[in-house]
Amino acid sequence: MTKFLVRRVVRLVVVCVGVSLVTFAILQASGDPVTLMMPEAPEADRAMLRQALGLHDPLLVQFGRFAGRALTGDFGNSFFHRAPAFGLVVERMPTTLTLTVLAMGLALVIALPVGIYSAVRRGRAVDQLATGTVFLGQSMPPFWTGIMLILLFAVQWRLLPVSGWDSWASVILPTLTLGTFTAPLLLRIVRSSMLEVINLDYVRTARAKGLSEWLVICRHALKNAALPLVTVTGLQFGLLLGGAIITETVFAVPGVGRLIVTALRQLDFPVVQAGVFMLAMVVVSLNFVVDVLYVYLDPRIGLR
Amino acid sequence: MAVGSLPTVTLAYAEEVAPAAGSRVWRKLTRSPAAIVGMLILIVVLGTALAAPWIAPHDPATQSLLRRFTPPVWTAGGNPAYPLGTDQVGRDILSRMIHGARISLLVGVLAMVVSVLVGVTLGLLSGFVGGRLDTVLMTIVDITWSFPPLLLALAFVAALGPSLLTIILVLGFTGWERYARVVRAEVLALREKDFVEAARAMGIGSLRILRVHVLPNTFSSIVVLSTLQVAQAILAEAALSFLGVGSGRTYPTWGQMIALGRDFVSVAWWLATFPGLAILATVLAINLVGDRLRDALDPRI
């Protein structure tokens, strides 16, 4: 176990360095940051700023400096807001996390019962309907789903606000959009992990004992399907964050995703870098926790 | 003499088998109604994209302020010359959608090609050479998977300057890991197989073993993955266009049209609805075909 943990932590560190390297590369890809910072300044001033920022140093030195600052949460000041980029991101993190957690909750509420039922009734009408809906859901662009929901609930029926994040009513549509984006995928996972255990010997034994179908499913099948389910659901969180970027833009939700998109349009790269780095860190730490938990909870592995 | 002629025999055998397997897959595909519907939709979309300048009723860029916000033909105030209505500067929605099909398909297919080339090459290398190279490549895969999908594409397209080529390359370079993983796994499994061992014992070079013996065996997984990736890339391109880092304003794209529809959502519902349906139909068709293709190609099912 200790050996596994050590190896896993080493991998975590390597991945973190990789993530900061990729984040560093975003600014490099944009060309000359000084031109972005002061587009109208005379060349002499720009050269001075370049010198001051150390842009003449070798890339490796620049990267080292970037990574060192990133560790302390210093991504420089926003070109646009004249405030530390990191602070701007941290401020908006709770909104994004609330949206994703709510959406994940909604997706689970849909996916769990439907997925289980569809696995139990494999090949029947219910299952085929569910599988068809999954296909439809996975082919729908989430930003379009969001606009269609706005058309129905905000424009046609005037029940909910078109955008914003200031009341409970305004939370509903974004959650619905992101939830329906995630639900098909979760449903697929629930269905397949249930199918994997449902025909195993011990489930058959439970049935043979005369237990009711309901008890067999809940106590025996679901319990064993739960572990892979939790892992895969945890690993899907990254996908959810990707969907959150789009959802926040559609509904003007003041979260990290919208901050990044706006910053990209303004070529405000410190904010972009801070945002990308932080979102990646959420995914990385979640993956780490899921990985460790999995080994901890499943006695069959961990000795590897 | 006998040893020298052996590889030719294997090749001839492979050639004989390939069309037979192809027709079996085809028969299985055409037996599935979903796959047929999917293929029909795809033929329509592909035909539309190819023939766009000839079948579009209007020039997609022609503006007319007199005709702005014309609703679809079946609603009050509709004009038969503009079956799906016009946008805020009077451009024909249908014509713009027809032209938009070109961008979607072009980006989808080319991004997939880039990913396949990068992913298959790296997967083969990683599996066959193994060792340190394998560790490095798999760490890169780990790192790319740490970013929410779309986020990297979004940042790099914006940083490099939005253009069609940038989008294709960035989507291509952010979608290769799945191929690398699958091909690597297959290579690792195949490497131990007797026929590869035999080929090696006969003194056949690594590259030739890869090309003749290993690559054809990974073919069906790659076909399925690449079909599904075209759908992913079409969705991603639309999302990038929607978020404003698309291929620019020179050519209409479905994602861009939906973004416009967002701005006028309370005035003109048709602006966002129809391009979205076009994306939905195309992506659904590809997903259906890809899924049935997986069933048809996998002899275990």
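Biologist: In this predicted model, how many residues of chain A are in contact with chain B, and what makes a pair a contact?

Modeller: 37 residues of chain A are in contact with 36 residues of chain B. The test is C-beta atoms within 7 Å, so these residues count as contacts because they meet it.

Biologist: Which elements of chain A supply that side?

Modeller: Those giving two or more residues are α1, α6, α7, α11, α12 and α13 of chain A. α11(A) gives the most, with eight residues.

Biologist: What makes the residues on that side nonpolar, polar or charged?

Modeller: Residue type decides. Asp, Glu, Lys and Arg count as charged, and one residue of this side falls there. Another 29 are nonpolar and seven are polar.

Biologist: Where do α8(A) and α10(A) cross, and at what angle?

Modeller: Helix α8 spans residues 168-198 of chain A and helix α10 spans residues 213-235. Their axes come within 9 Å and cross at roughly 145 degrees. The crossing is right-handed.

Biologist: Which residues make that contact?

Modeller: From α8(A), they include Leu186(A), Ile189(A), Val190(A) and Glu196(A). From α10(A), they include Ala221(A), Asn224(A), Pro228(A) and Leu229(A). The contact divides into eleven nonpolar, three polar and one charged. Glu counts as charged, so Glu196(A) is the charged one.

Biologist: How many helices and strands does chain B have?

Modeller: Twelve helices and zero strands. Its C-alpha atoms fill a box of roughly 80 × 45 × 30 Å.

Biologist: What share of chain B is called buried, and why?

Modeller: 45% of its 301 residues.

Note on methods. Residues are numbered from 1 along each chain as its sequence is written. Chains are lettered from A and ligands numbered from 1 in the order in which they are written. This is a predicted model: local features need pLDDT of at least 70, side-chain atom pairs count only at pLDDT 80 or more; totals for chains, interfaces and linings use all residues. Two residues are in contact if their C-beta atoms, placed from the backbone, lie within 7 Å. Helices (H or I, at least four residues) and strands (E, at least two) are DSSP runs, numbered from the N terminus. Axes are lines fitted to C-alpha atoms, for helices over the stretch in contact, and angles run from 0 to 180 degrees between N-to-C directions. A crossing is left-handed if the near helix is turned anticlockwise from the far one by less than a right angle, and right-handed if clockwise. A residue is buried if 20 or more other C-beta atoms lie within 10 Å of its own, exposed if 12 or fewer, and partly exposed in between; C-beta atoms are placed from the backbone.
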